[in-house]
Each structure stands twice: as structure tokens, then as C-alpha cells.
Amino acid sequence: MSDRLINLAIRLALTIVLVAVLLFCAFGYLASYEPLAASAQITARLAYGGIGALVITALIGLHRRRPTDGKGS
């Protein structure tokens, strides 16, 4: 298998895992609006929101185009 195909498979697997984590964080963030103590709500919102933001940043970084060296690889 070529390096390009392996790279694509790894990026696809990472994307699936990161999207699953992002969906979990979105659900957790929405669940933090249930009646809880105020400190628990803000802690959960900050945690889920922060992790979600990191996952979005990782997805953007994973799918950015990278400059090639001009050799076609």
C-alpha cells in the first residue's frame, strides 16, 4: 500500500474518533442545562465546551492542506 493511502486511512480513523468525541461533548454540554447545582453546571459547561473546542481545532488541523515538496507525494 502506498504512503498516501495509509495516510488517508489514518486521517479517516482519527476523524471518526474525533467526531464521536465532539458529539459526546455536545450531548454533555446540552445535558448540563438540567437542574443541577450552579457550580456543577458551570463546571460541566466549561469542561465540555473546552474539550469540544479542542476537538474542533484538531479536526481543522487534521484536514488542512499541507504544502507539497513539488515531487507529487
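Where is Ser32 found? I located Ser32 in the loop between H1 and helix H2 (38-63). For helices I took DSSP runs of H or I of at least four residues, and for strands runs of E of at least two, numbered from the N terminus.

Before going on I noted the terms of the model. It is a predicted model, in which local features need pLDDT of at least 70 and side-chain atom pairs count only at pLDDT 80 or more, while totals for chains, interfaces and linings use all residues. Residues are numbered from 1 along each chain as its sequence is written, and side-chain values use heavy atoms, with hydrogens and water left out.

**Overall form**

I looked up the secondary structure of the protein and found two helices and zero strands. The radius of gyration is 18 Å, whereas a compact globule of 73 residues would have one near 11 Å. That radius is taken over C-alpha atoms, and the globule rule is 2.2 Å times the number of residues to the power 0.38. Along the principal axes, the C-alpha atoms fill a box of roughly 60 × 20 × 10 Å.

I then checked burial: 15% of the 73 residues count as buried. Buried means under 20% relative accessible area, exposed over 50%, and partly exposed in between (1.4 Å probe, protein chains only). The accessible surface comes to about 5,900 Å², and 71% of it belongs to carbon and sulfur atoms. These areas come from the Shrake-Rupley method with a 1.4 Å probe; for residues, only the protein chains shown count as cover.

For contacts (heavy atoms within 4.5 Å), I looked at pairs at least 6 apart in sequence, of which 62% join residues at least 24 apart.

I returned to the loop. Is Ser32 buried or exposed? Ser32 counts as buried because its relative accessible area is 2%. Its side chain reaches the backbone oxygen of Tyr29 at 2.5 Å. The side chain of Ser32 also makes a polar contact with the side chain of Arg45, at 3.3 Å. A polar contact is a pair of N or O atoms within 3.5 Å; within protein, one must be able to donate a hydrogen and the other to accept it, and residues adjacent in sequence count only if both atoms are side-chain atoms.

Leaving aside neighbours within four places in sequence, Ser32 is in contact with Gln41, Ala44 and Arg45. I followed Gln41, which lies in helix H2 and is buried at 16% relative accessible area. With the neighbours within four places again left aside, Gln41 is in contact with Ser32, Tyr33, Glu34, Pro35 and Leu36.

**Helix H1**

Phe24 is in helix H1 and exposed, with a relative accessible area of 54%. From Phe24 to Ala47 I read 12 Å, C-alpha to C-alpha, across 23 residues of sequence.

Ile10 also lies in helix H1 (residues 3-31) and is partly exposed at 47% relative accessibility.
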